[in-house]
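Thanks for coming, everyone. Let me put the structure up, and then we'll walk through it together.

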Protein chains: 2
Amino acid sequence: MNSSAMFSDSHPGLFTDLYELIMARAYLTRNMTGRALFSLHFRHLPKDRNFLLACGQNYLVQMIRELRFPADQVDFLADMDQFDEDFLDWLRNFRFTGDIRVLPEGTPVFPHEPLVEVEAPIAEAQMLETLVMNYVGTETVLASKAVRMVMAAQGRPVVDFGIRRMHGLDSALRSARAYRVAGIAATSNVRGSQLYGLPVNGTMAHSYIQASGDETDAMRTYARLYPGTTLLVDTYDTLAGVDKVIGLARDEGLEVGSIRLDSGDLGELAAEARNKLDKAGLNDIRIVASSGLDEWKIRELINQGAPINGFGVGTELGVSGDAPVVDLVYKLTEYDGRPCLKKSPGKLLLPGRKQIWRQTGKNRLYQGDILGLYEENHEGEPLLHSVMRNGELLESPPEPGDSRDRVQETLTHMPPELLQPDGAQRKYPVTISDRLKALHQQALRDVS
Amino acid sequence: MNSSAMFSDSHPGLFTDLYELIMARAYLTRNMTGRALFSLHFRHLPKDRNFLLACGQNYLVQMIRELRFPADQVDFLADMDQFDEDFLDWLRNFRFTGDIRVLPEGTPVFPHEPLVEVEAPIAEAQMLETLVMNYVGTETVLASKAVRMVMAAQGRPVVDFGIRRMHGLDSALRSARAYRVAGIAATSNVRGSQLYGLPVNGTMAHSYIQASGDETDAMRTYARLYPGTTLLVDTYDTLAGVDKVIGLARDEGLEVGSIRLDSGDLGELAAEARNKLDKAGLNDIRIVASSGLDEWKIRELINQGAPINGFGVGTELGVSGDAPVVDLVYKLTEYDGRPCLKKSPGKLLLPGRKQIWRQTGKNRLYQGDILGLYEENHEGEPLLHSVMRNGELLESPPEPGDSRDRVQETLTHMPPELLQPDGAQRKYPVTISDRLKALHQQALRDVS
């Protein structure tokens with residue numbers, strides 16, 4: 001189960017912005033070989049979001065360990081006339097030699113808290129920027145959206161149908177890992193399931209009914225071939241479709257597991273369908289719903305008491321429709337032992353090697369985080385831990401199933417208002433430690 | 001320059017929703033081996049959009065030609081107990097044997113017009129659905145957003161900085177092809193440039209200035225190493241940064257090509273910077289701007305006369321922030337010579353094998369399309385053409401550079417109001433031919 005199975009021949013070294021390479025060469029030419037510290041974090045939560053679920057960072061480290069620049073990529077750079085032979089040789093021999101600290105997969109994370117810290121000779125650390133942001137950003141966006149759907153469904157299974165709407169093949173495949181961590185019950189994505197162990201699930205599309213000509217006949221042959229399957233009932237007329245299922249299940253004894261509603265007023269249709277099924281004594285046939293669902297619509301259906309047993313979500317999950325981007329930044333905070341800041345208006349940047357302590361109250365709920373310097377001591381659970389030292393992996397990346405269990409446990413400690421789809425009135429408190437505050441003030445004086 | 005260079009070992013056969021396989025087996029078990037016709041199209045334009053730019057379809061065909069199911073993937077399916085040995089053998093021997101018609105890369109396309117039509121034995125055509133939607137959807141979303149930025153910039157170069165914000169590696173790489181077609185001037189994306197020939201471009205990040213300690217010194221060493229480079233001026237104070245550049249360029253004779261503004265009020269800062277540079281006699285130093293730009297902000301800066309020579313766009317371009325998804329559907333419209341429809345409320349589906357005729361008025365502007373049946377004859381340019389017959393490619397996919405030229409030419413024929421960022425008052429007219437209307441009515445009667 002290799003995280004880069006679809007990319008085994010890819011050598012993502014040149015998966016980067018050109019300026020990373022231009023800067024790296026400039027650092028090396030000037031003999032700037034001191035160690036740099038970079039922090040991957042975000043400054044603001046998207047609208048309506050109370051936290052993000054940090055994902056992908058432990059798998060990223062595997063890619064970094066294997067980062068190389070094959071000959072054809074170096075030749076491409078050589079043709080650009082921006083790079084001297086010394087630098088091209090440095091790339092040919094490249095191996096990452098630094099240290100990396102990360103949050104565990106699926107950790108709820110808040111503004112200014114590092115998801116990843118990279119410490120390495122500056123040219124090496126700089127060159128990782130684009131890959132780190134894209135790789136962790138993708139899975140964090142996907143897992144953060146997925147957990148909202150899971151919370152809204154209040155225990156009912158949420159199944160991912162999003163692969164067809166996602167951006168490209170890589171995002172669609174890795175989503176199966178992020179969704180597994182976030183608590184999605186199953187996916188329609190076959191290859192993603194094979195790679196990352198999220199159960200795979202699927203039934204029929206309208207095209208099957210259309211091609212078969214007669215709807216009842218299509219349902220009959222399908223349920224015979226796949227006993228216990230889910231039948232789509234809305235190809236022509238939803239409630240007439242339900243009646244046909246009832247005929248097949250009650251009168252012909254066909255084994256039908258569920259019906260799926262995929263258009264119209266899902267709440268109303270679910271109530272009518274449930275009523276019909278129950279009257280026919282088919283209490284065991286479940287109702288699943290899909291069609292443009294998001295966390296708000298799921299919550300509304302549940303609040304109105306719609307008898308829906310599970311949800312299929314596609315588009316909104318697959319691209320995180322309300323927030324397709326998180327403003328992750330990968331910022332230099334220290335070079336050669338000296339804190340480094342920039343002072344662009346409105347963009348707080350905290351210096352130093354950090355730790356996050358998550359504090360639990362007597363009610364077992366998280367009551368806030370302390371964001372401080374790594375060498376400090378505070379009460380609470382320290383969240384950042386080393387996964388790479390001198391370019392060597394200290395541990396294998398976690399199994400997605402273990403991360404999923406950890407997320408489930410974690411969510412029981414989250415203040416309940418943070419688990420709602422809407423932005424909470426009271427933001428989760430992240431307190432900057434006195435020592436980090438003092439270092440920040442000192443660093444600001446140094447750049448002014 | 002292989003379109004699937006990052007995926008050469010991937011075998012995207014199982015890049016699919018499970019139901020495609022479940023249905024395929026059901027078709028085969030029932031001896032439903034008739035030919036099916038599927039149409040890839042969208043029903044509604046996203047808000048504020050006047051057209052989409054169809055992209056990716058000609059490259060998709062290459063993947064389809066090479067679609068196979070390697071042993072480990074078939075074994076994975078075998079373990080699911082949903083597939084009999086006949087079907088698994090069919091997969092082991094799979095080769096697509098059908099016909100495919102597509103629009104040329106970069107064709108402006110409107111609701112209900114097919115981007116792709118697939119005609120093949122139904123099990124084969126069904127199995128392509130997920131891959132077709134994801135593959136063409138991704139590049140169509142990206143190119144459609146990019147062309148809006150290009151139009152808003154009115155001839156000034158637009159450079160892509162989006163790779164770090166995009167969803168996954170595949171989307172970020174293929175974006176370089178879609179952006180090239182759409183008219184983006186250059187990209188920061190090195191590997192994308194290598195694969196798809198969009199010029200690559202990049203300079204420096206704030207971290208270089210921060211790590212160097214002294215801003216002037218950082219600028220000096222950089223411009224010496226890279227004569228004619230772009231210097232970032234906003235690390236500490238934008239206008240003070242401009243003064244430092246002036247000192248280096250005028251007094252020390254350093255060769256500086258441009259300055260880049262990356263925060264604050266870009267219009268105001270550009271005006272003040274231009275004024276300072278011109279007063280110093282540095283009229284040749286150009287000003288480029290970035291920082292959260294989209295097509296509306298670019299238009300506003302140009303309308304207010306901001307002296308900006310080029311734009312860098314990242315986040316909004318990379319995920320198509322206002323419309324990360326297009327509602328592409330891949331719908332069965334005919335099976336075994338019989339038109340097939342479904343009747344889900346509000347979802348028009350037109351039957352039959354189609355052609356689009358694009359009609360040009362005396363003013364050289366497109367005045368409307370006729371959407372009719374393939375065998376009809378109408379005035380105008382027929383847009384769909386065959387690229388695959390019996391599983392064999394009829395032509396090589398176009399060079400992205402040729403498609404780019406074609407798009408540039410095409411845009412000169414578009415009614416000007418459709419080229420604005422806002423939704424036009426008058427929608428572009430797509431007329432359904434009388435014969436297609438009649439076939440639609442007939443098909444509706446058949447399913448009622």
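Let's start here: through which surface do the copies meet, judging by the interface residues of chain B and chain A? Keep in mind that this is a predicted model. Here is the answer. 100% of the interface residues of chain B are also interface residues in chain A, so the copies meet through the same surface.

Now the numbers for that contact. Chain B gives 81 residues, and chain A gives 81 residues. On the side of chain B that touches chain A, the largest share comes from helix H1 of chain B, residues 18-29. Helix H1 supplies seven residues there. What kinds of residue make up that side of chain B? There are 40 nonpolar, 30 polar and eleven charged.

How are the two chains related? Turn by 180°, shift by 0.0 Å along the axis, and chain B can be laid on chain A with an RMSD of 0.0 Å. That is the relation of a two-fold axis.

Next, chain A by itself. Chain A has 448 residues, and 56% of them count as buried. Its C-alpha atoms fill a box of roughly 80 × 55 × 35 Å along the principal axes. Count the secondary structure in chain A and you get 16 helices and 19 strands. Now take the contacts in chain A with a separation of 6 or more. Residues 24 or more positions apart account for 72% of them.

Where are the domains? Chain A is divided into domain 1, which is 5-143 plus 323-447, and domain 2, which is 144-318. So look at the numbering: domain 1 is written as two stretches, 5-143 and 323-447. The centres of the two domains of chain A, taken over C-alpha atoms, are 37 Å apart. The domains touch each other: 22 residues of domain 1 of chain A are in contact with 26 residues of domain 2 of chain A. Which elements supply the domain 1 side? Strand E2 (52-54), helix H6 (129-152) and helix H15 (400-411) of chain A each give at least two residues. That side of domain 1 divides into twelve nonpolar, seven polar and three charged residues.

On to the core. The largest nonpolar core has 286 residues. The residues with the most contacts inside this core are Ala146(A), Ala182(A), Ala146(B) and Ala182(B). Take Ala182(A). Leaving aside neighbours within four places in sequence, Ala182(A) is in contact with Leu53(A), Gly106(A), Ala143(A), Ala146(A), Val147(A), Val150(A) and Val407(A).

Now move to helix H6 in chain B, residues 129-152. Is H6(B) enclosed or open? Of its 24 residues, 24 are buried, so H6(B) is largely enclosed by the rest of the structure. At 1.5 Å a residue, the 24 residues should span 34 Å, and the end C-alpha atoms are 34 Å apart, which agrees. Just after H6(B), Gln154(B) takes a positive phi of about 45°.

There are other positive phi values to point out. Asn390(A) is not a glycine, yet its phi is positive, about 50°. Asn390(A) is in the loop between strand E17 (385-389) and strand E18 (392-393) of chain A. With 10 C-beta neighbours inside 10 Å, Asn390(A) counts as exposed. Then there is Asp336(B), with a positive phi near 55°. Its loop in chain B runs between strand E12 (328-335) and strand E13 (338-339). Asp336(B) has 14 C-beta neighbours inside 10 Å, so Asp336(B) counts as partly exposed.

Two last residues. His41(A) is in strand E1 of chain A, residues 35-42. With 24 C-beta neighbours inside 10 Å, His41(A) counts as buried. Not counting residues up to four places away, His41(A) touches His112(A), Glu113(A), Pro114(A), Leu115(A) and Val329(A).

Finally, Gln210(B) is in helix H9 of chain B, residues 206-212. Gln210(B) is buried too, because 26 C-beta neighbours lie inside 10 Å. What does Gln210(B) contact, leaving aside neighbours within four places in sequence? The list is Leu332(A), Cys340(A), Leu341(A), Lys342(A) and Thr235(B). Those names carry both chain letters, A and B.

Definitions and conventions. Residues are numbered from 1 along each chain as its sequence is written. Chains are lettered from A and ligands numbered from 1 in the order in which they are written. This is a predicted model: local features need pLDDT of at least 70, side-chain atom pairs count only at pLDDT 80 or more; totals for chains, interfaces and linings use all residues. A nonpolar core is a set of buried Ala, Val, Leu, Ile, Met, Phe, Trp, Tyr and Cys residues joined through C-beta atoms within 7 Å. A residue is buried if 20 or more other C-beta atoms lie within 10 Å of its own, exposed if 12 or fewer, and partly exposed in between; C-beta atoms are placed from the backbone. Two residues are in contact if their C-beta atoms, placed from the backbone, lie within 7 Å. Helices (H or I, at least four residues) and strands (E, at least two) are DSSP runs, numbered from the N terminus. Ala, Val, Leu, Ile, Met, Phe, Trp, Tyr, Cys and Pro count as nonpolar, Asp, Glu, Lys and Arg as charged, and the others, Gly among them, as polar. Copies are superposed by least squares on the C-alpha atoms of residues with pLDDT of at least 70 in both. The expected span of a helix is 1.5 Å times one less than its number of residues.
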